[in-house]
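Please read them with the structure open.

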Amino acid sequence: TATTGSNNTGIGRHALTANTSGVNTAVGYRAMDANTTGISNVAVGEDALGANVAGDQSVAVGYEALLVQNPSGNADMNNTAVGYRAGYATTTGQENTFIGSSAGVANTTASYNTAVGHTALDANITGADNTAVGRRAGRELTTGTQNTLIGSGAGDAITTANNNTALGYLALSTNSTGLQNIAIGTNALTANTTAHNNIAIG
């Protein structure tokens with residue numbers, strides 16, 4: 001554990017070993033082991049927040065959660081990742097919430113995303129301001145923005161599309177690039193793949 005800094009808690013081999021700052025909690029093998037000046041972080045699990053050097057105010061719970069978060073210089077990251085490899089690839093993205101195994105696992109620089117559920121938003125790389133709640137919700141989304149996808153499999157084929165709303169089991173589930181669609185109800189707009197500006201309820 002750390003030899004300098006104050007108000008830190010490090011439990012586990014190599015947890016907080018490089019730390020020189022304060023108010024961090026790291027529990028698990030190599031949890032936050034690269035952190036030097038980052039403050040007010042919580043890392044629980046093997047390699048959680050492992051690459052973080054200077055990022056502040058993040059919570060990572062789970063194996064390799066937020067593993068590569070590493071902003072340039074001290075920055076309030078405000079990321080929360082709970083689950084196996086949740087938010088794993090996030091480097092400089094901020095204010096993301098990833099809850100569930102592999103939720104947001106591919107996210108790199110995108111910010112302001114919320115993914116709740118197993119593999120929700122797990123292909124997203126740079127798409128911002130997306131909300132996906134449910135198993136596989138928004139699973140294929142890579143660069144699309146401002147999508148709201150709620151329900152198991154909702155919008156799970158969307159890749160680069162923006163401004164879609166899907167509410168219900170498999171709602172808008174085959175749409176890949178169609179924009180500004182609204183689908184409410186089980187299997188709503190499941191035949192839509194690339195069309196824009198459609199509304200289906202029921």
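1. A strand here is a DSSP run of E of at least two residues, and strands are numbered from the N terminus. The model is a predicted one.

2. Asparagine 197 is not a glycine, yet its phi is positive, near 55°. Is asparagine 197 buried or exposed? Its relative accessible area is 54%. Exposed means over 50%, so asparagine 197 counts as exposed.

3. Asparagine 78 also needs a look. This residue, again not a glycine, has a positive phi of about 55°. Asparagine 78 sits in the loop that runs between strand S6 (75–76) and strand S7 (80–82). Its relative accessible area is 31%, so asparagine 78 falls between the cut-offs of 20% and 50% and is partly exposed.

4. Next, the sheet. What is the order of the strands in the open sheet? The sheet has 12 strands, paired in parallel, in the order S1-S2-S3-S5-S7-S8-S9-S10-S11-S12-S13-S14. From one strand to the next, the twist averages 5°.

5. Strand S9 (residues 114–116) and strand S10 (residues 131–133) run parallel and are joined by 3 bridges. Alanine 115 has alanine 132 in S10 as its bridge partner.

Methods
Residues numbered from 1 in each chain as written. Predicted model: local features only at pLDDT ≥ 70, side-chain atom pairs only at ≥ 80, totals over all residues. Heavy atoms only, no water. Helix = DSSP H or I, 4+ residues; strand = E, 2+ residues; numbered from the N terminus. Buried < 20%, exposed > 50% of the residue type's maximum accessible area, 1.4 Å probe, protein only. Pairing = 2+ DSSP bridges. Axes fitted to C-alpha atoms, helices over the stretch in contact; angles between N-to-C directions.
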